[in-house]
Amino acid sequence: MSPSHIAAALGALLGLTACGDKDSGALEGSVTPLLDLRYQRSEARVGEGELSVSFLQDQGAGADTVLKVSARVDDMLPEGYTDSLDIDLAQVLDNGAQRGTVGRSVLDEPVRAFPKLARGNLFVRTIPQPGSRVSGEFNVTFVNGTDVYSGRTIFGRFEATVP
């Protein structure tokens with residue numbers, strides 16, 4: 001093996017070990033040319049009838065919420081239910097609101113409202129319990145329109161901590 005091949009193999013190996021935190025990464029989709037969707041960790045929460053997964057990037061003493069996917073689940077969770085949950089984020093509820101929402105809160109960036117969802121799904125393998133980890137995936141497609149995010153997509157997989 002030539003010295004250049006050895007150097008390339010070592011570089012690739014070091015690159016893999018540097019990416020050892022399997023939680024950090026980047027969300028994907030057609031929104032990525034418009035927004036930086038890289039994150040360091042993800043957190044899942046359930047409470048007050050809402051299940052959410054937040055993708056966070058450390059910022060000083062706090063954290064930027066690169067993306068937060070939330071769903072109203074109060075009518076979907078019987079008492080004591082802990083199994084998987086597959087949520088249609090675009091479902092319209094009796095009150096006229098969509099079941100799911102997508103948000104973002106990043107320092108020094110204007111607040112951006114995302115359009116309604118044309119379709120979307122949030123899947124968690126277990127219901128978040130304090131102190132555990134939850135894995136799953138999500139995908140959203142925004143409705144067509146005149147907004148900069150109209151018709152665009154965001155998707156990703158996660159393994160989130162539950163504070």
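Guide: Start with burial. Buried means under 20% relative accessible area, exposed means over 50%, and partly exposed lies in between, with a 1.4 Å probe and protein chains only. By that rule, 35% of the 163 residues of the protein chain count as buried. This is a predicted model: local features need pLDDT of at least 70, side-chain atom pairs count only at pLDDT 80 or more, and totals for chains, interfaces and linings use all residues. Residues are numbered from 1 along each chain as its sequence is written, and side-chain values use heavy atoms, with hydrogens and water left out.

Visitor: Why is Val134 called buried?

Guide: Its relative accessible area is 0%. The cut-off for buried is under 20%, so Val134 qualifies.

Visitor: What does Val134 touch, not counting residues up to four places away in sequence?

Guide: Contact means heavy atoms within 4.5 Å. Val134 touches Ala44, Val124, Thr126, Pro128, Phe158, Glu159, Ala160 and Val162. Phe158 is 24 residues from Val134 in sequence, yet 7.9 Å away, C-alpha to C-alpha.

Visitor: Why does Ser105 count as partly exposed?

Guide: Ser105 has 48% relative accessibility. That value falls between the 20% and 50% limits, so partly exposed is the label. Outside four places in sequence, Ser105 contacts Asp64 and Thr65.

Visitor: What makes a strand, and which one holds Ser105?

Guide: Strands are DSSP runs of E, at least two residues; helices are runs of H or I, at least four, and both are numbered from the N terminus. Ser105 lies in S7, residues 100–105. Val134 is in S9, residues 133–142. The protein chain has 1 helix and 10 strands.
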